[in-house]
Amino acid sequence: MSLKIMYPEADIPSVQLSLVNSLDPELHIKMGQALQTLGDQSLLLIGSGFLFHNMRAFFTAETDEAKTMNESFEDWLLEKCCDEKLTETEREQRFINWQSAPFARYCHPRKEHLLSLHVCYGFAATVCSKSFELQVRNKKARMYLWE
């Protein structure tokens with residue numbers, strides 16, 4: 001449906017991808033890398049998920065501790081996506097080992113809503129061009145753009 005809003009004439013082909021059932025972060029990066037080999041510069045890859053997905057925390061009162069955990073993970077993710085000093089090998093390894101990030105499992109008790117970011121990163125294989133910060137139900141999150 002979101003493509004219909006972006007492209008009302010529905011004149012572009014689209015393919016929906018699914019996550020691999022193992023939920024292996026490295027495999028999802030490789031999925032993005034495989035898409036990159038198509039060599040089509042007009043290919044648009046949209047990763048939908050959410051960078052904070054603790055549903056219980058969404059519907060409970062905000063505490064200083066919860067805010068700190070959310071912001072710590074978001075800051076870690078911002079650095080991994082946007083820090084130009086990281087080599088791509090370092091960046092990829094940090095994406096693969098995302099569960100070792102501060103409060104990663106608080107922000108993502110389940111993996112699936114983060115793994116589309118791994119596919120997008122694998123496709124781009126570089127530092128992101130821009131990030132956009134937003135608040136959803138008092139939780140900090142970002143969107144990342146690779147151009």
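## Salt bridges

A salt bridge here is a side-chain nitrogen of Lys or Arg that lies within 4 Å of a carboxyl oxygen of Asp or Glu. In this predicted model, Glu26 and Lys30 form such a pair, with 3.8 Å between their closest N and O atoms. Both residues belong to helix H2, where they are four residues apart and so are separated by about one helical turn. Glu26 is partly exposed, at a relative accessible area of 32%, and Lys30 is also partly exposed, at 44%.

The whole structure contains eight salt bridges. Another of them joins the side chains of Arg110 and Glu112, at 2.5 Å from N to O. Arg110 is exposed, with a relative accessible area of 56%, whereas Glu112 is partly exposed, with 21%.

## Helices H2 and H5

Helix H2 covers residues 25-36 and helix H5 covers residues 88-96. The two helices pack with their axes 8 Å apart, at an angle of about 130°. Angles over 145 degrees would count as roughly antiparallel and those from 65 to 115 as roughly perpendicular, so H2 and H5 are oblique to each other.

On the H2 side, the contact is made by Pro25, Glu26, Ile29 and Gln33. On the H5 side, Glu92, Phe95 and Ile96 take part. Of the residues in this contact, four are nonpolar, one is polar and two are charged.

## The hairpin of E1 and E2

Strand E1 spans residues 130-136 and pairs with E2 in the antiparallel sense, over seven bridges. Two residues lie between the strands of this hairpin, and Arg137 takes a positive phi near 50°. Strand E2, residues 139-145, is mostly covered, with five of its seven residues buried.

Within the pairing, Gln135 stands opposite Lys140 of E2.

## A link from helix H4 to strand E2

What does Lys140 meet in a salt bridge? Its partner is the side chain of Asp75, at 3.5 Å from N to O. Asp75 lies in helix H4, residues 64-82, and Lys140 lies in strand E2, so the pair ties together parts that are 65 residues apart in sequence.

Are the two partners buried or exposed? Asp75 counts as partly exposed, at 40% relative accessibility. Lys140, at 10%, counts as buried, because the cut-off for buried is under 20% relative accessible area.

Definitions and conventions:
Residues numbered from 1 in each chain as written. Predicted model: local features only at pLDDT ≥ 70, side-chain atom pairs only at ≥ 80, totals over all residues. Heavy atoms only, no water. Buried < 20%, exposed > 50% of the residue type's maximum accessible area, 1.4 Å probe, protein only. Pairing = 2+ DSSP bridges. Axes fitted to C-alpha atoms, helices over the stretch in contact; angles between N-to-C directions. Parallel < 35°, antiparallel > 145°, perpendicular 65-115°, else oblique. Contact = heavy atoms within 4.5 Å. Nonpolar A, V, L, I, M, F, W, Y, C, P; charged D, E, K, R; others polar.
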